[in-house]
Amino acid sequence: MAGRNAGARLAMSVLTLASLALGPLAADTSGLSVLPGAAVWVLALGMVWTLYGRLMRLKRWQAQPGLWALAGLFAAVVTLGQSFQADGTAQWATDHAAQALVMLLGRALLFYAGMRLALEALTAAPRAPRRRGTAWMGPGLFMCWLPWYACLFPGTVSNDSHTQLRQIFGLDPVNNAHPVFQTWLIDLFRRLSDALGLGADGAVALYCVVQAALMAWLLGALLRRMWLEGAPAWLRWGSLAFFALCPIFPVFAFCMGKDTNFAMATLFLAYAVQRAQTLGKPGLGMTLRLALAAVLCLLLRNAGVYLAAVTLGLLLAWTLRRARRKAKLWAMPLGALGALGCAYLTLHLAVLPSLSIAPMPHSEEYSLPLQQVARTVASHDLTPEEARAIDGALALDGLKEAYNGELSDPVKALWREDATPQQKSAFWRMWVRLGLKHPLTYLSATFHNTYGYLYPGYLILIKPNLIVGDQSSRTAQVEGLFAYTVNPASAGVKALDDALLAHPLGRVLLCPGLYGWVTLFAFACLLKRGARGLAVCASPALLTLAGLLLSAVNGYFRYAMPLYFSAPLLMWLVWRSRKAKV
C-alpha cells in the first residue's frame with residue numbers, strides 16, 4: 001500500500017511540475033533568481049511531494065467530487081488564461097492540445113490538494129474563547145499602516161477622484177457616473193480643510209486618516225469576533241497578518257477614492273448579516289445596522305443597490321423558514337429593504353432631478369455586450385444589414401481599432417447616446433443574432449475581459465494597479481485649484497510594490513485572482529455543508545465577483561477590493577459551518 005501511494009505521489013508530483021513548466025508563459029521563476037534554475041525545480045518537487053503526502057494521509061482524501069469540479073474549473077481558467085495572456089486568443093491551447101491537457105490535469109491536482117487541505121484545516125474544533133485583550137486589534141492595524149502613511153502623506157488621490165474634483169470646481173458638469181454622494185464626500189472634506197486653513201493637503205490628509213481609522217475599526221471588529229468564537233489559531237493570526245502586512249490595505253486605506261469605501265460597506269453588510277443571524281429576536285439596533293450598510297452600498301457604487309437588495313432578499317427568505325418565522329426575525333431584513341428602497345427612490349426621483357445631476361450613462365452598464373459586438377466586428381465580416389444595425393447605436397467606424405480585449409472603455413466611448421429608441425432596439429436584436437451566429441466569438445470576448453478575476457497572479461498593465469507615486473497626468477486636471485502634494489517618498493513605496501509584483505508569489509498575493517478563488521471555494525463549501533444562512537453572509541462577496549465578470553476592466557485591483565476585504569470573513573464562515581447547519 002505504501003509503495004502504491006509512493007508511486008501515485010511521485011506521478012502526481014511530476015505531472016504537477018510538468019504543468020507548471022509548460023505553456024506559452026513558462027513558470028516564472030524570476031523572483032527566485034538567487035537560486036540556480038535546477039535548484040528551483042528541485043525545491044518545487046520537494047514542496048509538491050510534501051503537499052501530496054499530507055493529502056494522502058487524510059481519510060478518503062480523493063472523495064470530494066465538488067472540490068474536483070472546482071479545481072478543474074480553476075485549472076481551465078489558468079490554462080486558457082495563459083493562452084489569452086500570450087496572444088489574446090485560445091489559439092495556443094487549441095494548437096498545443098497535449099500540452100494544454102497536461103497543464104490542466106497537473107494544475108487541477110495541485111488546486112484540489114490545496115483546497116482539500118484547507119477544508120481539513122477549517123474543521124478544527126474551537127479554541128477557548130478569548131474575551132479580554134482583543135481591543136487593541138483595530139488600533140494595532142492602524143499603527144501597522146502608519147509607516148506606509150509616512151511615505152504617502154498627505155495621501156493618494158485616485159483617478160476617479162480627479163474627475164470628481166473637476167466637477168466640484170465646475171470644470172465639468174456634475175453627473176452620477178461616479179456616485180454623486182462620493183463626490184459630495186470629497187467636497188465635504190475640501191470645505192472642512194479650507195475652513196481650518198489646511199488647503200488641499202489638509203483635505204486629502206483628513207479624508208485618508210478618517211477612512212483608515214474606520215477601516216481599521218471594521219477589520220478589527222471582525223478579528224475580535226474570530227477571537228471570541230475560538231477560531232483556529234492559524235486562521236486568526238493569519239487574518240491579522242494579512243490585514244496588517246499586505247500592502248493592499250495601507251495603500252488603499254490612505255487613498256481618496258470610492259473603491260475603499262465601497263469595499264468597507266460590502267464587508268460591513270456581510271458582517272451585519274452574520275450578526276443578525278445570531279439574534280433570537282429582532283432588534284431595532286440590528287435593523288438600523290443592516291439598513292445603514294445597505295444604503296452605504298447604494299450611495300458608494302451605482303451597482304451597489306443590486307448587491308444590497310439581493311443580499312437582504314436572501315436574508316429575508318432565510319428568516320421566513322418555519323423555525324425562524326415565529327421569532328419574527330424577518331422584521332430586520334424587511335425594514336432594511338424598506339430603507340434601501342426609500343433611499344434609492346429619493347436619490348433618483350428627487351435629489352438628482354432637482355439638482356439637474358445627470359444619471360450614470362447607460363453605456364456604463366454595457367461593457368460585456370459591447371465587447372462581444374466589437375470582437376465580432378474585429379473577427380468577422382458583416383453583412384450590410386448587420387453593419388447598419390450596429391452603426392445605428394455604436395459607431396462602426398473605428399470600432400475594430402478601438403477594441404481591446406481587456407478594457408471596454410474605448411468601445412463604450414463609441415456608443416451613440418443620441419441614438420433613437422428604434423436604433424437601440426435594432427442594435428440589441430442584432431446583438432442577440434450575432435451571438436447565435438458567432439457563439440465562440442462571444443465566449444472569447446467574455447473570457448478575455450474577465451479571466452483575471454479567477455487567475456491568481458495575473459497582472460493587468462493597462463491601468464495603474466496600486467495607485468501611488470507621481471500622477472502628473474492626473475494632477476494637471478485640477479492644477480491651480482486643488483494643489484495637493486505628491487510625497488517624494490511615495491516613489492519608494494511604488495518601487496516596493498513593483499518589486500512584489502515582479503515576484504511570482506508576490507503577484508499571487510496581490511492580484512485579484514486568488515480572492516476570486518477564495519470566494520468561489522468558500523461559497524461552494526457552505527452550500528455543500530447545507531449552511532444556507534452562512535451562504536447568505538458570503539453572498540455580498542459572490543455578487544461582487546459576479547459584477548466583476550461584467551465590469552469594464554479585466555483583473556483590476558480597485559474593482560476587486562471587496563474580495564480582498566472579505567477573504568478572512570469567508571474562511572471564518574467556512575469554519576463556522578463545520579458542524580451545525582445554519
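A charge is taken to sit over a ring if NZ of Lys or CZ of Arg is within 6 Å of the ring centre and within 35 degrees of the ring normal. By this criterion, Arg 576 lies over the face of Trp 572, at 5.5 Å from the ring centre. Likewise, Arg 578 has its charged end over the ring of Trp 575, 4.1 Å from the centre.

The model is predicted: local features need pLDDT of at least 70, side-chain atom pairs count only at pLDDT 80 or more, and totals for chains, interfaces and linings use all residues. Residues are numbered from 1 along each chain as its sequence is written, and side-chain values use heavy atoms, with hydrogens and water left out.

Turning to the aromatic rings, the whole structure holds 29 aromatic pairs; rings of Phe, Tyr and Trp (its six-membered ring) pair if their centres lie within 6.5 Å, and planes under 30 degrees apart count as stacked, over 60 as edge-to-face and the rest as tilted. One of them is the tilted pair of Trp 415 and Trp 428, with 6.0 Å centre to centre and 40° between the planes. This pair links distant parts of the chain, 13 residues apart: Trp 415 is in the loop between helix H20 (409-412) and helix H21 (421-437), and Trp 428 is in helix H21. Helices (H or I, at least four residues) and strands (E, at least two) are DSSP runs, numbered from the N terminus. Trp 415 is buried, at 7% relative accessible area, while Trp 428, at 23%, counts as partly exposed; buried means under 20%, exposed over 50% and partly exposed in between (1.4 Å probe, protein chains only). Tyr 451 and Tyr 458 also form a tilted pair, 5.0 Å centre to centre with 55° between the planes, and both residues are buried. Elsewhere, Phe 242, Phe 243, Phe 249, Tyr 515, Tyr 564 and Phe 565 make up one aromatic cluster.

Ser 158, in the loop between strand E1 (156-157) and helix H7 (159-168), counts as buried because its relative accessibility is 1%. Beyond neighbours within four places in sequence, Ser 158 is in contact (heavy atoms within 4.5 Å) with Cys 255, Met 256, Gly 257 and Ile 467. Glu 385 belongs to helix H18 (residues 384-393) and, at 40% relative accessibility, counts as partly exposed. Met 430 and Arg 433 are touched by Glu 385, not counting residues up to four places away in sequence.
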